[in-house]
Amino acid sequence: MAAITEVKDEPGQPPALTALSLAETAQSKSKEQIITPFDVSGGVDEEGKPKALDYDKLVDSFGARRIDKALLERFEKITGQKPHRMLRRGLVFSHRDLDQILDKYEKGIPFFLYTGRGPSSDSMHVGHTIPFEFTKYLQDVFDVPLVIMLTDDEKFLHSPKLTRKDVYKFALQNAMDIIAVGFDMKKTFIFSDIEFLRGGSAGDFQDNVLEMAKRTTINQIKGTFGFNLDNNIGEFMFPAQQSATSFATSFPFIFGTDSKKAARIPCLIPCAIDQDPYFRQCRHNAPRLKYLKPAIIHSIFLPSLRGTGSKMSASDTDSSIFLSDTDKQIQKKIGSAFSGGQDTQELQRELGGRTNVDIPFQYLTFFLEDDNELERIRDSYERGEMQSGDMKAACTRELQTYVGAFKERRKAVTEEVRKEFMRPRQLIFKGMPGKKERKEALEERRKKLQEEIARVEEELRQEE
């Protein structure tokens with residue numbers, strides 16, 4: 001394999017790797033949209049009205065590439081699978097190096113998936129399931145291992161109110177919600193940062209964190225995330241930690257102890273577009289460690305119940321449909337959602353509804369599987385043949401079904417199941433380390449554990 005060399009990232013890449021940060025731009029143009037891991041807003045127009053998020057503008061400013069028809073056709077040809085509805089409808093819309101992942105898959109070169117969740121509440125909302133549902137689809141289609149990082153430590157560092165106990169508890173509860181999406185236990189490792197870093201399996205992970213931290217400057221972090229001297233030092237350090245999960249060498253218990261071989265295993269990260277700044281930093285520094293840049297595939301946000309100018313947020317319960325909501329709560333929330341319909345039934349019949357801003361219709365584009373039915377609803381609403389109440393009723397039924405099915409799966413997720421998903425262990429996948437290497441790694445782990453047990457037993461004897 002050719003040596004990995006440092007290559008400049010894509011043109012148009014925003015700060016601090018090229019020009020001003022999004023945060024700095026937002027400060028100088030207060031009406032422009034803001035997309036960071038901590039703030040998502042479509043901005044406001046000259047009249048002070050909220051604007052919808054402009055994803056085309058975002059792709060250009062981030063220097064990513066659109067997922068076009070040709071790439072989708074190649075995806076279907078190589079995998080033999082119909083693209084997921086989120087791909088078909090442009091909800092998963094841009095990427096970095098997805099074409100290279102397809103090249104490797106076509107040649108039989110293994111890769112792994114990495115995604116995550118920042119646990120800020122005890123129950124996830126339906127917007128959180130979007131990247132996980134899509135990730136499950138990718139795991140099933142490509143038959144590859146998956147690592148899911150729960151960044152409870154980052155939530156603790158960034159939130160003035162949350163305690164370590166809070167975020168760790170949320171992480172464990174969120175893990176059970178994530179498992180209920182339907183991931184394959186044999187191919188999936190989920191970890192809480194707080195728990196994993198306390199254990200004895202995170203040594204190589206921590207080595208990569210240090211290597212990334214050494215190569216990441218304060219100015220890069222300030223530029224990319226808009227941090228200033230009021231941010232704590234943990235927040236400045238954390239991007240190195242989120243980057244480390246992109247490298248197979250961080251998980252020798254999954255990818256083997258041959259670090260040179262593991263360093264050649266590519267990573268594909270499905271995530272919402274607001275997480276891209278973390279991985280721009282990672283992609284900038286990865287070649288300096290002789291690692292591959294992770295590939296990324298971006299999804300748009302599930303909009304807030306209030307409108308297309310912001311995303312659904314767990315911290316704003318009135319803007320979100322939670323996976324724990326009852327049918328009655330879902331009906332009430334959808335009933336009060338922003339509508340693209342006209343003010344009266346007569347005007348609706350005359351002018352039709354605006355599906356591009358109608359939140360119930362937007363939700364149907366995410367959750368309704370049938371393309372033909374979705375198009376029928378779109379056409380009927382825009383022609384004025386369907387009233388706003390009918391649109392909300394259709395959306396309510398779909399979300400009640402979606403949340404109800406999730407709740408049934410969630411019942412089967414026990415503490416024992418969660419613990420097994422979160423136990424560092426060998427995953428089963430094509431291209432996994434050979435039997436001899438796996439046995440040697442297990443024997444080395446056993447030796448270290450036996451040595452520690454012997455030391456503890458000696459200390460106990462001394463106490464007698």
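Author: The account below begins with the sheet and ends with the whole protein. The model is predicted, with local features requiring pLDDT of at least 70 and side-chain atom pairs counting only at pLDDT 80 or more, while totals for chains, interfaces and linings use all residues. Residues are numbered from 1 along each chain as its sequence is written, and side-chain values use heavy atoms, with hydrogens and water left out.

The open sheet consists of seven strands in the order β3-β4-β9-β8-β5-β6-β7, with mixed pairing. Because β3 (65-66) and β7 (188-192) stand at the edges with a single partner strand each, one side of each has no neighbour in the sheet. Strands (DSSP runs of E, at least two residues) and helices (H or I, at least four) are numbered from the N terminus, and two strands pair if DSSP finds at least two bridges between them.

Strand β4 (residues 92-96) pairs with β9 (residues 295-299) in the antiparallel sense over four bridges. Ser94 stands opposite His298 in β9.

Helix α15 (residues 276-285) packs on the sheet, touching β4, β5, β8 and β9 (contact means heavy atoms within 4.5 Å), and its direction makes about 170° with that of β9. Helix α6 (residues 126-142) lies across β4, β5 (112-117), β6 (146-150), β7, β8 (267-272) and β9, at about 165° to β5. These angles run from 0 to 180 degrees between N-to-C directions, with axes fitted to C-alpha atoms, for helices over the stretch in contact.

The protein has 22 helices and 11 strands. Of its 464 residues, 53% are buried, meaning under 20% relative accessible area with a 1.4 Å probe, protein chains only.

Methods:
Buried < 20%, exposed > 50% of the residue type's maximum accessible area, 1.4 Å probe, protein only.
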